Amino acid sequence: MSTFLSVGRRKSSIAQIRLIGGGSGKISVNGKIIEEYFQFIPSHLDSALQPLKVLGSENSFDIFIKANGGGLAGQAQAVKLGIARALCTVVPENQQRLLRSLGLLTRDSRIKERRMFGLKKARKASQFSKR
């Protein structure tokens, strides 16, 4: 049983992944089972488990995840990136290429835009008055 560590990030969410080879497929996030943590929301669960489903190794690894920051959607995307990065150290090169071609190893760098001086929010301005 070998352990692999990785980190996934998305928006302001960070997920620390501990992947244990030769496991039974148990996945826990912050001490809860993954379905309970992501509140049984199918889109979040599918997103978080996509790297495992692509490689067909849902029951090959035990995964322990520490997620914090942001909301559930951002955390699910961070978990996806972290799991894909951890799997990269385990799987052969042809499967790494598959993960790369599906965009699972690319960090989504979009973050919240900062508020600018003179505006109400990042892009919202007060209504223009001609007179």
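Reader: Let's start with Arg10. Which residues does Arg10 touch?
Author: Leaving out residues up to four places away in sequence, Arg10 touches Gly74, Gln77, Ala78, Arg107, Asp108 and Arg110. Keep in mind that this is a predicted model.

Reader: Thanks! Where does Arg10 lie?
Author: Arg10 lies in strand E1.

Reader: And is Arg10 buried or exposed?
Author: Arg10 has a relative accessibility of 11%, so this residue counts as buried. The cut-off for buried is under 20%.

Reader: What does the Arg10 side chain reach?
Author: The side chain of Arg10 reaches the backbone oxygen of Arg110, at 3.3 Å.

Reader: OK, zooming out. What order do the strands of the sheet have?
Author: The order is E1-E2-E5-E3-E4, in an open sheet of five strands with mixed pairing. E1 and strand E4 (32-33) stand at the edges with a single partner strand each, so one side of each has no neighbour in the sheet.

Reader: How many bridges join E1 to E2?
Author: Eight bridges join them, with E1 covering residues 3-10 and E2 covering residues 13-21, and the two run antiparallel. To see the pairing on screen, find Phe4, which stands opposite Leu19 in E2. Arg9 has Ile14 in E2 as its bridge partner.

Reader: What about the other neighbour, how do E2 and E5 run?
Author: E2 and E5 (residues 61-68) run antiparallel, and eight bridges join them. Here Arg18 stands opposite Phe64 in E5, and Gly21 has Phe61 in E5 as its bridge partner.

Reader: Which way do side chains point in a strand?
Author: As a general point, side chains in a regular strand alternate between the two faces of the sheet.

Reader: Nice. How many residues sit between the strands in the hairpin of E1 and E2?
Author: There are two residues between the strands of that hairpin, and Lys11 takes a positive phi there. Phi of Lys11 is near 50 degrees, which is a positive value in a residue other than glycine.

Reader: Is Lys11 buried or exposed?
Author: Lys11 is exposed, because its relative accessible area is 53% and exposed means over 50%.

Reader: Where is Phe40, and what is its phi?
Author: Phe40 is found in the loop between H1 and H2. Its phi is near 60 degrees, a positive value in a residue other than glycine. Phe40 is exposed, with a relative accessible area of 58%.

Reader: Let's switch to helices. Where does H2 bend?
Author: H2 bends by about 60 degrees at Leu49, and a proline, Pro51, follows within four residues. The helix covers residues 42-55, 14 residues in total, and reaches 19 Å from its first C-alpha to its last, close to the 20 Å expected at 1.5 Å a residue.

Reader: Which residues of H2 are buried?
Author: They are His44, Leu45, Ser47, Ala48, Leu49, Pro51, Leu52 and Leu55. The buried residues of H2 pack against strand E3 (27-29), helix H1 (34-37), E5, helix H3 (72-88) and helix H4 (93-101).

Reader: What follows H2?
Author: H2 is followed by Gly56, whose phi is positive, near 70 degrees.

Reader: You mentioned H3. Which strands does H3 lie across?
Author: H3 lies across E1, E2 and E5, and runs at about 145 degrees to E1. This helix is mostly covered, with 13 of its 17 residues buried. Its end C-alpha atoms are 24 Å apart, which agrees with the 24 Å that 17 residues should span at 1.5 Å a residue.

Reader: One last residue! Where does Ser101 lie?
Author: Ser101 lies in helix H4. Ser101 is exposed, with a relative accessible area of 58%, and its side chain reaches the backbone oxygen of Leu98 at 2.8 Å.

Reader: How many residues apart are Ser101 and Ser126 in sequence?
Author: They are 25 residues apart in sequence, and 44 Å apart in space, C-alpha to C-alpha.

Note on methods. Residues are numbered from 1 along each chain as its sequence is written. This is a predicted model: local features need pLDDT of at least 70, side-chain atom pairs count only at pLDDT 80 or more; totals for chains, interfaces and linings use all residues. Side-chain values use heavy atoms; hydrogens and water are left out. Two strands pair if DSSP finds at least two bridges between them. The expected span of a helix is 1.5 Å times one less than its number of residues. The bend at a residue is the angle between axes fitted to the seven residues ending there and the seven starting there. Buried means under 20% relative accessible area, exposed over 50%, partly exposed in between (1.4 Å probe, protein chains only). Contact means heavy atoms within 4.5 Å. A polar contact is a pair of N or O atoms within 3.5 Å; within protein, one must be able to donate a hydrogen and the other to accept it, and residues adjacent in sequence count only if both atoms are side-chain atoms. Axes are lines fitted to C-alpha atoms, for helices over the stretch in contact, and angles run from 0 to 180 degrees between N-to-C directions.
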